[in-house]
Amino acid sequence: MDHSTHGTHLSSVAAMALSGLVLTAVVPGMIRLARRAKLWERMSLPPGLALPLLILLHAWAVLAELARPMPVAVMFVSEPALLWAAVTFWLPALTRTRHRLSDPGRCLYLFLAAPLLDLPALGAIAAGHSAEGIAMIVGMLPLGVIAAVTTWSWITTEERSAPDVLAVSARGAAPRQP
């Protein structure tokens with residue numbers, strides 16, 4: 001996930017798109033496949049910590065390279081840290097850990113994260129790296145899709161349980177027969 005914007009133009013565009021895709025499609029896909037792993041409970045962070053952590057590490061990885069080229073040694077540290085932050089970000093939304101979010105909480109969490117994670121890409125565009133910034137935004141589109149699917153799932157679950165709630169409340173409101 002080299003965020004370099006100093007290489008050839010095509011390779012830096014592909015790197016930015018791939019980086020966004022890894023964070024928003026590959027990592028959640030791998031977590032979803034292994035969602036029952038005991039490791040997730042130990043790695044899980046509260047959502048209020050996981051979201052800002054990913055946003056800050058992602059911004060640093062993308063924007064620091066715009067200021068000046070990062071040494072290879074820094075890349076060997078920043079990329080695994082960014083992947084770890086992505087994993088901790090997705091855990092409250094995808095797995096059943098002590099930090100699991102409710103359905104409305106997951107929707108809010110994911111819809112809040114989408115524009116915040118696009119801010120570094122907007123910074124790249126503002127710095128004159130339009131193609132790279134747009135590639136990053138396109139690579140991050142799976143996050144919006146996952147947020148929409150999560151919302152749809154929550155809505156359908158609520159609709160399925162609504163008749164049960166109405167039946168219980170109707171029985172409770174009806175006068176008792178002797």
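## A cluster of rings

Phe89, Trp90 and Tyr109 are linked into a cluster by ring pairs. Here, rings of Phe, Tyr and Trp (its six-membered ring) pair if their centres lie within 6.5 Å; planes under 30 degrees apart are called stacked, over 60 edge-to-face, and the rest tilted. This is a predicted model, so local features need pLDDT of at least 70 and side-chain atom pairs count only at pLDDT 80 or more, while totals for chains, interfaces and linings use all residues. Residues are numbered from 1 along each chain as its sequence is written, and side-chain values use heavy atoms, with hydrogens and water left out.

Search the whole structure and you get two aromatic pairs. In one, phenylalanine 89 and tryptophan 90 have ring centres 5.1 Å apart and planes at 80 degrees, so they sit edge-to-face. In the other, phenylalanine 89 and tyrosine 109 are stacked, with 4.8 Å from centre to centre and 20 degrees between the planes. (Helices are DSSP runs of H or I with at least four residues, strands are runs of E with at least two, and both are numbered from the N terminus.)

The cut-offs are simple: buried is under 20% relative accessible area, exposed is over 50%, and partly exposed is in between (1.4 Å probe, protein chains only).

In soluble globular proteins, nonpolar side chains tend to be buried together.

Take leucine 110 for a closer look. Leaving aside residues up to four places away in sequence, leucine 110 touches Phe89, Trp90, Ala93, Leu143, Ile146, Ala147 and Thr150, where contact means heavy atoms within 4.5 Å.

## Salt bridges

How many salt bridges are there? The count comes to two, using this rule: a side-chain nitrogen of Lys or Arg within 4 Å of a carboxyl oxygen of Asp or Glu.

One joins glutamate 41 and arginine 98, at 2.7 Å from N to O. Glutamate 41 lies in helix α2 (residues 39–43) and arginine 98 in the loop between α4 (72–94) and α5 (103–126), so this bridge ties together parts that are 57 residues apart in sequence. Glutamate 41 is partly exposed at 30% relative accessibility, whereas arginine 98 is exposed at 54%.

The other joins arginine 106 and aspartate 103, at 2.8 Å from N to O. These two are three residues apart in helix α5, so about one helical turn separates them. Arginine 106 is buried at 12% relative accessibility, while aspartate 103 is partly exposed at 22%.
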